[in-house]
Amino acid sequence: MAMAVLEILVYPDQRLKQKSKPVEVFNDSLLQFIAELEETMRAGPGGVGIAAPQVGRFERIIVVDVSCKPKIKNHGRLVMVNPEIFAKEGNVVGREGCMSVPDFTGNVARWDRIVVNALDEFGNQQAYVMEGYEARAVQHEMDHLDGLLFLDRLVSRRGNLFPRKVYKNLQVLIPGGHEKITTLSRSRKSKTN
Ligand code: NI
């Protein structure tokens with residue numbers, strides 16, 4: 001099947017505020033779209049997540065894969081359709097970035113452990129127990145489905161938004177940028193990678 005890297009909507013594009021609708025039909029066209037969504041996520045270095053509305057398709061679909069990160073508990077490649085957080089606990093602040101906000105990263109508080117119910121790309125019900133970085137990535141991508149960016153969830157308005165200098169040059173090389181989420185331990189300095 002022909003694959004394409006899709007165009008990413010970039011802040012302040014107002015379409016990023018749109019709420020996405022549940023997927024109701026599971027067919028080849030959906031599989032093709034999910035393959036292209038994943039391809040788009042992987043097109044940037046360190047791409048760990050993407051949501052359908054970021055490419056202008058307002059349906060509740062996310063793809064997350066944090067397995068490229070060393071020593072992080074993960075489920076590998078995850079396609080979540082119509083995801084819902086079923087249970088949650090703990091609270092941790094971490095640094096997040098977003099393909100739709102290529103020039104900044106910011107500190108955001110998220111649930112540390114979650115149980116997510118979702119359909120897979122074939123429409124089968126799944127449940128995932130996850131924590132830490134992977135849980136953060138899923139919560140970030142789920143926010144996109146409700147029209148929210150990490151900018152809407154900064155720990156506070158002052159001192160928690162950072163220009164992304166390190167990636168500026170890469171952004172030139174790779175149009176569309178990439179999703180990047182860096183977990184920040186509360187007691188340590190922020191880490192950029
Ligand atoms: Ni994002």
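This is a predicted model: local features need pLDDT of at least 70, side-chain atom pairs count only at pLDDT 80 or more; totals for chains, interfaces and linings use all residues.
**Around Phe26**
- Setting aside residues up to four places away in sequence, Phe26 touches Phe122 and Gly123.
- Asp120 lies 94 residues from Phe26 in sequence, yet their C-alpha atoms are 9.7 Å apart.
- One of those two partners, Gly123, turns up again in the hairpin of β4 and β5, where it takes a positive phi near 90°.

**Overall layout**
- You're looking at three helices and seven strands.
- Going along the sequence, they come in the order α-β-β-β-β-β-α-β-α-β.
- The protein has 193 residues, and 35% of them count as buried.
- Take the contacts with a separation of 6 or more: 70% of them join residues 24 or more positions apart.

- Mean pLDDT comes out at 87, with 83% of the residues at 70 or more.
- The stretch to watch is 168-193, where pLDDT is below 50. That stretch still has 54 contacts in the model beyond near neighbours in sequence.

**The nonpolar core**
- Nonpolar side chains tend to be buried together in soluble globular proteins.
- Here, the largest nonpolar core has 35 residues. Which of them touch the most other members? They are Leu37, Ile50, Ile62, Val63, Val64, Met80 and Val138.
- At least two core residues come from each of α1 (28-42), β1 (49-51), β2 (61-64), β3 (78-98), β4 (101-119) and α2 (132-145).
- The biggest giver is α2, with six residues.
- Met80 is in contact with Ile62, Val116 and Ala118, leaving aside neighbours within four places in sequence.

**Helix α1**
- Leu37, Thr40 and Met41 are the buried residues of α1. Viewed down the helix axis, they fall within an arc of 100°, so they line one face.
- The cover over those buried residues includes β1 and β2.
- Leu37 also belongs to the group with the most contacts to other core members.

- Leaving out neighbours within four places in sequence, Ala135 is in contact with Arg110, Trp111, Asp112, Arg113, Ile114 and Met130.
- Val64 is 71 residues away from Ala135 along the chain, but their C-alpha atoms are separated by 9.8 Å.

**The β4–β5 hairpin**
- β4 pairs with β5 (residues 125-131) in the antiparallel sense, over seven bridges.
- Five residues lie between the two strands, and Gly123 with its positive phi belongs to this hairpin.
- Val116, a contact of Met80, stands opposite Tyr128 in β5.

Definitions and conventions. Residues are numbered from 1 along each chain as its sequence is written. Helices (H or I, at least four residues) and strands (E, at least two) are DSSP runs, numbered from the N terminus. A residue is buried if 20 or more other C-beta atoms lie within 10 Å of its own, exposed if 12 or fewer, and partly exposed in between; C-beta atoms are placed from the backbone. Two residues are in contact if their C-beta atoms, placed from the backbone, lie within 7 Å. A nonpolar core is a set of buried Ala, Val, Leu, Ile, Met, Phe, Trp, Tyr and Cys residues joined through C-beta atoms within 7 Å. Two strands pair if DSSP finds at least two bridges between them. pLDDT is the predictor's confidence in each residue, from 0 to 100. The arc is that of the directions from the helix axis to the C-beta atoms.
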